[in-house]
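Me: Can you go through the salt bridges and the confidence of this model with me? I'll paste it here.

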Amino acid sequence: MDGEIKNIKKWNIVYPVYINSKKTIAEGRRICVTKACENPTCTEISDCCNFLKIPCAIELDKAYPRDFMQRGRVRVLLKREDGTPYNPVISSRKQFMIQVAELVRRHPNRTKKQEPASSSAAGSSKSGKGGKKKR
């Protein structure tokens, strides 16, 4: 494990912005909106890496260069030294980001947070009755 930690600077970097559906391509999103997820965090990306059995390291003190208010990034080791992937399903960085975005949507903490939000949105749409008023 110490050998891997020394080479951590050569690992691939994944910022949460890369898979954020709220961002545009100009703001840094790397995958299409339909496959991206809403506001991912570094810990969620790290949990997905652990689920996929891919070595990762979280760097919370680092910021995304285009938006310095976005704190945190994840370093990921997709391939071994001999060039074979750690997970045979994921062979490229883009496939990794698509897979992680899909897993972040199904993350246990995320599903609990989104349930109350969807019920309150349905309630607010009912209160908008009335239509056009006559003059």
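Me: Is E59 buried or exposed?
Reply: E59 counts as buried, at 17% relative accessibility (buried is under 20% relative accessible area, exposed over 50%, partly exposed in between, with a 1.4 Å probe and protein chains only). This is a predicted model, where local features need pLDDT of at least 70, side-chain atom pairs count only at pLDDT 80 or more, and totals for chains, interfaces and linings use all residues. Residues are numbered from 1 along each chain as its sequence is written, and side-chain values use heavy atoms, leaving out hydrogens and water.

Me: Which side chain meets E59 in a salt bridge?
Reply: R73, at 2.4 Å from N to O (a salt bridge is a side-chain nitrogen of Lys or Arg within 4 Å of a carboxyl oxygen of Asp or Glu). R73 is buried too, with a relative accessible area of 10%. E59, R73 and R75 are linked in a salt-bridge network.

Me: How many salt bridges does the structure hold?
Reply: Five. One of them joins the side chains of K23 and D67 at 3.6 Å, N to O. D67 is partly exposed, at 24% relative accessibility.

Me: And what does K22 pair with?
Reply: E38, with 3.9 Å from N to O. K22 counts as exposed at 52% relative accessibility, while E38 is partly exposed at 43%.

Me: Changing topic, what is the mean pLDDT?
Reply: 83 for the protein, with 81% of residues reaching 70 or more. pLDDT is the predictor's confidence in each residue, from 0 to 100.
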